Amino acid sequence: MTDLETSMSTIIAVFQKYSEREGDKHKLKKRELKELLHDELPDLMAHVKDQAALDSLMEALDADGDSECDFQEFMTFISMVTVCCHDYFEHEHEDE
Ligand SMILES: [Ca+2]
Ligand SMILES: [Ca+2]
């Protein structure tokens, strides 16, 4: 597989690893999402310190309002975070 194909299948595998733990196997409930963020995005979670911030993040991600994060909602979040990372590195490069 190419790097991009590997990255895409990794994202799917990470989502499934957490979504399968409880309830609907294809959706992340709040606790599963919290575990995923803690274990897989520790640097980002360092900025989401309190429960209220996590709750509002979950609400923002939950586009269809079913109180769970499905794969499409998860991908929207990953895209946002990835674009932010890209912007960061782009601007860092400009400063050189
Ligand atoms: Ca689940
Ligand atoms: Ca949802």
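User: What share of the 96 residues in the chain is buried, and what makes a residue buried?

Analyst: Buried residues make up 12% of the 96 residues. A residue is called buried if 20 or more other C-beta atoms lie within 10 Å of its own, exposed if 12 or fewer, and partly exposed in between, with C-beta atoms placed from the backbone. This is a predicted model, in which local features need pLDDT of at least 70 and side-chain atom pairs count only at pLDDT 80 or more, while totals for chains, interfaces and linings use all residues. Residues are numbered from 1 along each chain as its sequence is written, and chains are lettered from A and ligands numbered from 1 in the order in which they are written.

User: Why is serine 67 called exposed?

Analyst: Serine 67 has 11 other C-beta atoms within 10 Å, and is therefore exposed. Its phi is near 65°, a positive value in a residue other than glycine.

User: How do you know that helix 5 lies largely in the open?

Analyst: The number of buried residues among the 24 of helix 5 is two, so this helix lies largely in the open. Helices are DSSP runs (H or I, at least four residues), as strands are (E, at least two), numbered from the N terminus.

User: What makes up the largest nonpolar core?

Analyst: Eight residues form this core: Phe15, Tyr18, Leu28, Leu33, Leu36, Met58, Cys69 and Phe74.

Key. A nonpolar core is a set of buried Ala, Val, Leu, Ile, Met, Phe, Trp, Tyr and Cys residues joined through C-beta atoms within 7 Å.
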